Amino acid sequence: MPASPTIHRTVDDLRAAVSAWRREGLRVGMVPTMGALHSGHMELVRAARERADRIIVTIFVNPTQFAPTEDFGAYPRTEASDVAKLAELGVEAVFAPNANEMYPAGYATTVSLAGPAIGLETDFRPHFFSGVATVVSKLLIAGFPDVAMFGEKDYQQLMVVRQMVRDLRLPTEIIGLPTIREADGLALSSRNAYLSPEERQTATTISRAMRQAAELVRAGGSVEAALAEGRAALTEAGFRVDYLVLRNAETLAELANPAIEPRRMLAAAWLGKTRLIDNIAV
Ligand code: AMP
């Protein structure tokens, strides 16, 4: 039986553990999550293991990145099984604070953003990235890891975190890792648990529509026509599309010259009460 990770509930506790590791000259890696861990998260942990001697996985369903109308209450919370999975991978520490530890009564400090945080998700979830950036900065400051792992599944989030770490001069290297998918193409997500069996079948349309649109673009077709076709395929399958766009992969700005810029296709769409996001390189 692998040893269970130590569970830290307070920033002071986590700092004490990290300080002890630092005195031993060990490298520290962090994997921030909201729990309900799946194979995508596990890949981030494995990648952290290649780059660090000690791993902290954070599990915190961050209230400030949910609007009052969103699924904060319904979001799956499965700490015991999460910790068991992390024990299998030999993770040394779990940081699982309560909301009051991260946001003490009367807190008045948040991170505000521009650049890659403008548009896309922000057009539909204006509160979202400020919540993410605030909590990620607090987690990075709590543990000061040498390296932290994020998934490309949340591509705009990865860009926002990179920009923030650069701007705040945080001493952590940010690593982005490819999206882990089911065999039928659906990107793994804790929110996939919300899908009915029928919706789960339909959900494959999102990656298929993006791959087809990407093929049309790669073949030199009109970007707008390819995206329109992709949106139509999603609508026909029963999705309500928030966006399906092609952007500059580094800045997320609109493409001025699609033929020569690095390109990323990004999508967000609702299937019933579940909002799915995905993205691919083009
Ligand atoms: P979450 O718990 O959903 O907030 O995600 C925690 C981290 O895991 C984020 O960096 C996500 O981008 C990453 N992640 C979530 N799903 C996947 C996936 N299917 N493949 C790779 N990384 C993922």
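**Helices that cross**

Tutor: Start with helices H6 and H7, which are oblique to each other. The word comes from angle classes: under 35 degrees is roughly parallel, over 145 roughly antiparallel, 65 to 115 roughly perpendicular, and the rest oblique. Helices (H or I, at least four residues) and strands (E, at least two) are DSSP runs, numbered from the N terminus. Before we go on: this is a predicted model, where local features need pLDDT of at least 70, side-chain atom pairs count only at pLDDT 80 or more, and totals for chains, interfaces and linings use all residues. Residues are numbered from 1 along each chain as its sequence is written, and side-chain values use heavy atoms, without hydrogens and water.

Student: At what angle do H6 and H7 pack, and how far apart are their axes?

Tutor: Two packed helices are described by the angle between their axes and the distance between the axes. For H6 and H7 (residues 155-167) the angle is about 50°, and the axes are 10 Å apart. Axes are lines fitted to C-alpha atoms, for helices over the stretch in contact; angles run from 0 to 180 degrees between N-to-C directions. The crossing of this pair is right-handed.

Student: Which residues of H6 and H7 make the contact?

Tutor: Contact means heavy atoms within 4.5 Å. From H6, the contact residues include Phe 128, Phe 129 and Val 132. From H7, they include Val 160, Val 161 and Met 164. By class, the contact has 10 nonpolar, 3 polar and no charged residues. Ala, Val, Leu, Ile, Met, Phe, Trp, Tyr, Cys and Pro count as nonpolar; Asp, Glu, Lys and Arg as charged; the others, Gly among them, as polar.

Student: How do H1 and H6 stand to each other?

Tutor: They are oblique as well. Their angle is about 45°, with the axes 8 Å apart. Val 11, Leu 14, Arg 15, Val 18 and Arg 22 in H1 meet Ile 141, Ala 142 and Gly 143 in H6. This contact has 5 nonpolar, 1 polar and 2 charged residues.

Student: At what angle do helix H9 and helix H10 pack?

Tutor: H9 (residues 204-218) and H10 (residues 223-237) pack at about 160°, with their axes 9 Å apart. That angle makes H9 roughly antiparallel to H10. Their crossing is right-handed. Ala 209 and Ala 213 of H9 are among the contact residues, as are Ala 226 and Glu 229 of H10. The classes come to 10 nonpolar, 2 polar and 1 charged.

**Sheets**

Student: What is the strand order in the sheet of 6 strands?

Tutor: Strands of a sheet pair through backbone hydrogen bonds, either parallel or antiparallel. Two strands count as paired if DSSP finds at least two bridges between them. Here the order is S1-S4-S3-S2-S5-S6, an open sheet with parallel pairing. S1 (6-8) and S6 (173-177) each have a single partner strand, so one side of each lacks a neighbour in the sheet. The twist averages 25° from one strand to the next.

Student: How many bridges join S3 and S4?

Tutor: S3 (residues 54-59) and S4 (residues 93-95) pair over 3 bridges. Val 57 has Val 94 as its bridge partner in S4. Helix H1 (residues 11-23) packs on this sheet, touching S1, S2 (28-33), S3 and S4. Helix H6 (residues 128-143) also packs on the sheet, touching S2, S3, S4 and S5 (147-151).

Student: Why is S3 called largely enclosed?

Tutor: 5 of its 6 residues are buried, so the rest of the structure largely encloses S3. Buried means under 20% relative accessible area, exposed over 50%, and partly exposed in between (1.4 Å probe, protein chains only). S3 also runs parallel to S2, joined by 6 bridges.

Student: What is the order in the sheet of 3 strands?

Tutor: The order is S7-S8-S9, an open sheet with antiparallel pairing. S7 (240-248) and S9 (274-281) stand at its edges. S8 and S9 are paired over 8 bridges. In S9, Ile 280 is the bridge partner of Met 265. H10 packs on this sheet and touches S7 and S8.

Student: Is Ala 267 buried or exposed?

Tutor: Ala 267 is buried, at a relative accessible area of 2%. This residue lies in S8 (residues 263-271). Ala 267 and Asp 278 are 11 residues apart in sequence and 5.4 Å apart in space, C-alpha to C-alpha.

Technical notes
Left-handed = near helix turned anticlockwise from the far one by under 90°.
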